[in-house]
Amino acid sequence: AVLLTSSGKWLDPEGVGWQKLDGVPPWKPHTGSIAAPLSDGSMLLIGGQAGRHGGATFDCFNCTNEVWQFQHTTEEWKDLTKDVPWDPRWGHSVVTQADDTVLLFFGCCERGRPTVMLRDVWSFNPLKGVAWSKVETQPPFEGIQATSAAITGNEIWFVGGWSQQRGTLSMVAVFNVDTLKWTMKSPHGSAPWD
């Protein structure tokens, strides 16, 4: 577990208790960013809103496509943003596969269209030197944000979320990373908690 703030860094790398690390991260304070762990013990901080939060509007106020890598053994940050091809976003989902491939899904909002959620998928593997690339797949639903994502084997499960068209969602969808195909396990409105 890692907690990062603009006033300092706290870290529990060995599961033996919290330790305070001195110093200030080189990035502006963020909200709505996603942290992705890597097998070398580092982690990525991906996207979000940098600086002042936009409030209750869906305008991607101060959204960023920044990607930072933190190596806890050296307490150093590395800016990996230079060649990021995807649009700035918050409310996105990220999972890390066993081979350190990071997959980025969805978020808010399309550039110049502040109420249109994204439905794109991107792949990246910094430990193998593989640059960001768009995954050619079409989710069976409109653009969404704030969905929960969990990976198990070659499947990524998405639960809930929010869309401009339908509001808060109760759907369950599965993405197969081998076939790049989607399966709706429970369409919006048919989940037992709806």
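## A pair of facing isoleucines

Isoleucine 151 stands opposite isoleucine 156 in strand β14. The model you are looking at is predicted, so local features need pLDDT of at least 70 and side-chain atom pairs count only at pLDDT 80 or more, while totals for chains, interfaces and linings use all residues. Residues are numbered from 1 along each chain as its sequence is written, and side-chain values use heavy atoms, leaving out hydrogens and water.

Let's follow β14, which covers residues 155-159. Strands here are DSSP runs of E with at least two residues, helices are runs of H or I with at least four, and both are numbered from the N terminus. Two strands pair if DSSP finds at least two bridges between them. Strand β13 (residues 148-152) runs antiparallel to β14, joined by five bridges. Two residues lie between the strands of this hairpin, and glycine 153 takes a positive phi near 60° there.

Five bridges also join β14 to β17 (residues 172-176), again antiparallel. In that pairing, glutamate 155 stands opposite asparagine 176. Which residues of β14 are on its covered face? They are Ile156 and Phe158, whereas Glu155, Trp157 and Val159 are on the uncovered one.

## Threonine 137 in its loop

Now look at the loop between β12 (130-134) and β13, where you will find threonine 137. Threonine 137 has a relative accessible area of 10%, so it is buried (buried means under 20%, exposed over 50%, and partly exposed in between, with a 1.4 Å probe and protein chains only). Leaving aside neighbours within four places in sequence, threonine 137 is in contact (heavy atoms within 4.5 Å) with Val121, Phe175, Leu180 and Trp182.

The side chain of threonine 137 reaches the backbone oxygen of leucine 180 at 2.8 Å. With the side chain of tryptophan 182, threonine 137 makes a polar contact of 2.9 Å. A polar contact is a pair of N or O atoms within 3.5 Å; within protein, one must be able to donate a hydrogen and the other to accept it, and residues adjacent in sequence count only if both atoms are side-chain atoms.

## A disulfide between neighbours

Cysteine 108 and cysteine 109 form a disulfide (cysteine sulfur atoms within 2.5 Å), with their sulfur atoms 1.7 Å apart. Cysteine 108 is buried at 0% relative accessibility, and cysteine 109 is buried at 3%.

## The whole chain

How many helices and strands does the chain have? The chain has zero helices and 18 strands. Of its 194 residues, 47% count as buried.
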